[in-house]
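Below is a short briefing on selected local geometry, covering helix packing, a disulfide and backbone details.

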Amino acid sequence: MQHRSGVSRAARVSVFVLLVAGWMATALSSVQTAPQQVSSPSAPALRAVLESYCVACHSQKVRTAGLALDTVDVTRPAANADVWEKVITKLRMGTMPPVGRPRPDTAAYDASARWLETEIDRAVAAAGPNPGRPATVHRLNRAEYRNAIRDLLALDIDVASLLPGDATSDTGFDNNAEVLSISTAQLERYMSAARRITRLATGIPPTGPGFETFDVPALLLQEDRQSEELPLGSRGGAAVRHYFPVDGDYLIKVRLRTNYQDFIQGMGSPHQLDIRIDGQLVKRLTVGGEAPGRAVPSSFTSTGEAGDPKWEEYVRTADERLEARLPVKAGPHLVGVSFVRKMFEPEGILQPRQAGEVHANEVYYDGYANVGSISIGGPYTVTGPGDTPSRREIFICRPARAAEEEACAAKILAKMARRAYRRPTTAKDTQALLGFFKTGREAGGSFDAGIQLALERMLVDPDFLLRIERDPAGAAPGRAYRLSDVEVASRLSFFLWSSIPDDVLLTVAESGTLTDAKVLEQQVRRMLADPRASALTDNFVTQWLQLRRLSDVVGDSIAYPDYDTNLVESFRRETELFIGSTIKDDRSILDLLTANYTFVNERLAKHYGIPGVYGNRFRRVTFPSTDQRGGLLAQGSLLSLTSYPTRTSPVLRGKWLLDTILGAPPPAPPPNVPDLPETGEGGRPASVRERLQQHRTNPVCATCHATIDPAGFALENFDGLGAWRTVDEGGKPIDPSATMPNGVTVHGLPGLRAMLLGQRESFVGTVTEKMMAYALGRTIEYYDRPTVRAIIRDAAASQYRWSSLILGIVKSPAFVMRRSQDAS
């Protein structure tokens, strides 16, 4: 398809490649407070501990895990901080020496770790911090790109279909600069996305009608009101947000759910189907109840026996005319499709509720009809560009005559470029965009077309797509330097909002006062109070807790007949609301472990056994006791994503806890590890615990499982979907007791929670490290550990509130400084 401006795609790609190549070619002083001195052993005492318990495995001769401690200078830990920080982690966790080997007492563990930390932190405080060196070029990931478009152009669209997916680094986050590369194929996608987005934003009519389909998950039950965005008295369906590009006529078409033979469900009786725009009813349709001939019993469908041809034709085609063609104003609208709710039960024997694949394949001829998809097509006629939020954001002036166009365009583009490039714009920036404006104006024949092409060029500029931090001229190689206030503003906005700075933040940065401690704290607190701070939950929390994997959760319909998509989505929403509330209310992050409340709707409340909750709306509920519920560890989201479809997995749960909660991920399993046996010895039925004990008789497996399994055993009272139970899959009583690697015995959820609170600094440290890696867009290295410990010490005074950790990260040398390139 030829571009309206006459500028070829190849030429555009070449221009962008040259721009990127050009950019590629090419600190606030913060003194870290030394920790207080504590009573700790001397270097000889630590050497004695190492000789007694460690060097048998970790010596130059053996070098288990590549670590030799017999030759490392223990009198100067900072000289080998990379080695000693690994040792500190093992000491704090009590995971070494392995279970079964002679081990020091708890006091020796703590004293040794504390002495090492004190010595390293003291040396760092004296020598000055190492802020690290994130990659010079940091591409926006898809979430950041979407949010930037939203805040820049007042246009919120899903860019998942426009841009390639982002890789996830070993930090667990997709905003790590090291994995956000740029390829030629990606450049093509960014250019295509920029064209589509700017045409939508400026109201340029599409070249022809488009069609977008929204599929409703096959395992989503539609027996009740589906969403708060659908009216009371409705059932099933879906509400989707769609951006209508211009004022014009559009088609909304609904297809109903079918079984595996393509028979539409629920056609034995009539159903009223409503189509709404922004809550207003635009059309009511009736479907079902008109099938001619003889109905095919459900038992026939399972055997594939054919029915009356006319009946079959009807139940396969009854939804073909479920559509509405209507005029719609340009801009974002909520399209709702739902049935008018009828309360009834089919005659005959009451049938059990179907779930899983059985639910998806059942005919339900006499039951409910269900929406399978909603498609929106158009525009088929265009009546105007419309008055949209995007056009109001962009067109801040309107030229009355041709002579005024260039000045107005310069005003528009200078304003947009300042936000897009996240810095003060120069005359050169504006002139470059004006050149594209003139080309677009001439080729498109209108002022709006010229602005559209200039904005398209802006969205493929490296200063928009890339976060670039350049070493200042004359910076000494390998030395820390201050970031500019504008660079700090960009780091801050992408950390808290996953988006570009707003006018307030950018103005403060341009004034040169942002990195003043009081001003910086004011801006952080302002930004945390802004709705855009929900990005911390949407992007940081979901990746830290691995909630994005919830879409992979599947419950076997026999083992877990309660499984359906509604339940899994309720799991996700519960955790997002729970953690989001702790951030919004600035609670202690220890509440993530100890809270006596959560958020549920009727579906989730029934699953948890909570009475008195009705409807699809989530609301906060308080538990009378936290022995069975309370905090993250008892939430279905985390319990289900660490289970298998047919059973629980203490191994997956233990690994998740070590990695996500305690920050001590276990090593990868060795090759050719045997699978967990399906039965006990002699083929007799056995519990998961018994089979894991059998598995651990293999010496290759024993060491790792002794560390991983205990925490998972403590959560065995929760089944694979997080429901409370007292017997396992085989009907045997649950034994939730476990002996942790440090020798502490815990019993169930209360015991595990108490153990974690007993070593709260490990949990707080893990959250801080994860959040710091997310904030910096790089892996946390050994030289960052003193900074993490300083943040934790300072946050203790405020009970580890979210704001204290976030402020600690933002004020740290790692955030406001950067190390220059080492000498080659």
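**Helix packing and local geometry**

Helices α15 and α17 are roughly parallel to each other, a label given to angles under 35 degrees, whereas those over 145 count as roughly antiparallel, 65 to 115 as roughly perpendicular and the rest as oblique. This is a predicted model, in which local features need pLDDT of at least 70, side-chain atom pairs count only at pLDDT 80 or more, and totals for chains, interfaces and linings use all residues. Residues are numbered from 1 along each chain as its sequence is written, and side-chain values use heavy atoms, leaving out hydrogens and water. Helices (H or I, at least four residues) and strands (E, at least two) are DSSP runs, numbered from the N terminus.

**Packing of α15 and α17**

- Two packed helices are described by the angle between their axes and the distance between the axes.
- The axes of α15 and α17 (residues 517-528) cross at roughly 30 degrees and come within 11 Å; axes are lines fitted to C-alpha atoms, for helices over the stretch in contact, with angles from 0 to 180 degrees between N-to-C directions.
- The crossing of α15 and α17 is right-handed, meaning that the near helix is turned clockwise from the far one by less than a right angle.
- From α15, L492, S493 and L496 meet L520, V524, M527 and L528 of α17, where contact means heavy atoms within 4.5 Å.
- By class, this contact of α15 with α17 has six nonpolar residues, one polar and no charged ones; Ala, Val, Leu, Ile, Met, Phe, Trp, Tyr, Cys and Pro count as nonpolar, Asp, Glu, Lys and Arg as charged, and the others, Gly among them, as polar.

**Disulfide**

- One disulfide is found in a search of the whole structure, the criterion being a pair of cysteine sulfur atoms within 2.5 Å.
- This disulfide joins C397 to C408, with an S to S distance of 2.0 Å.
- C397 lies in the loop between α10 (389-394) and α11 (405-421), and C408 lies in helix α11, 11 residues apart.
- The link of C397 and C408 is right-handed, with 110 degrees about the S-S bond.
- C397 is buried at a relative accessible area of 14%, and C408 is buried at 6%; buried means under 20%, exposed over 50% and partly exposed in between (1.4 Å probe, protein chains only).

**Backbone details**

- G378 and P379 are joined by a cis peptide bond, with omega about 0 degrees, and P379 is found in strand β9 (residues 371-384).
- S498, a residue other than glycine, has a positive phi near 50 degrees.
- S498 lies in the loop between α15 (485-496) and α16 (503-510) and is buried, with a relative accessible area of 2%.
- Q799 is not a glycine but has a positive phi of about 60 degrees; Q799 is in the loop between α28 (785-796) and α29 (802-810).
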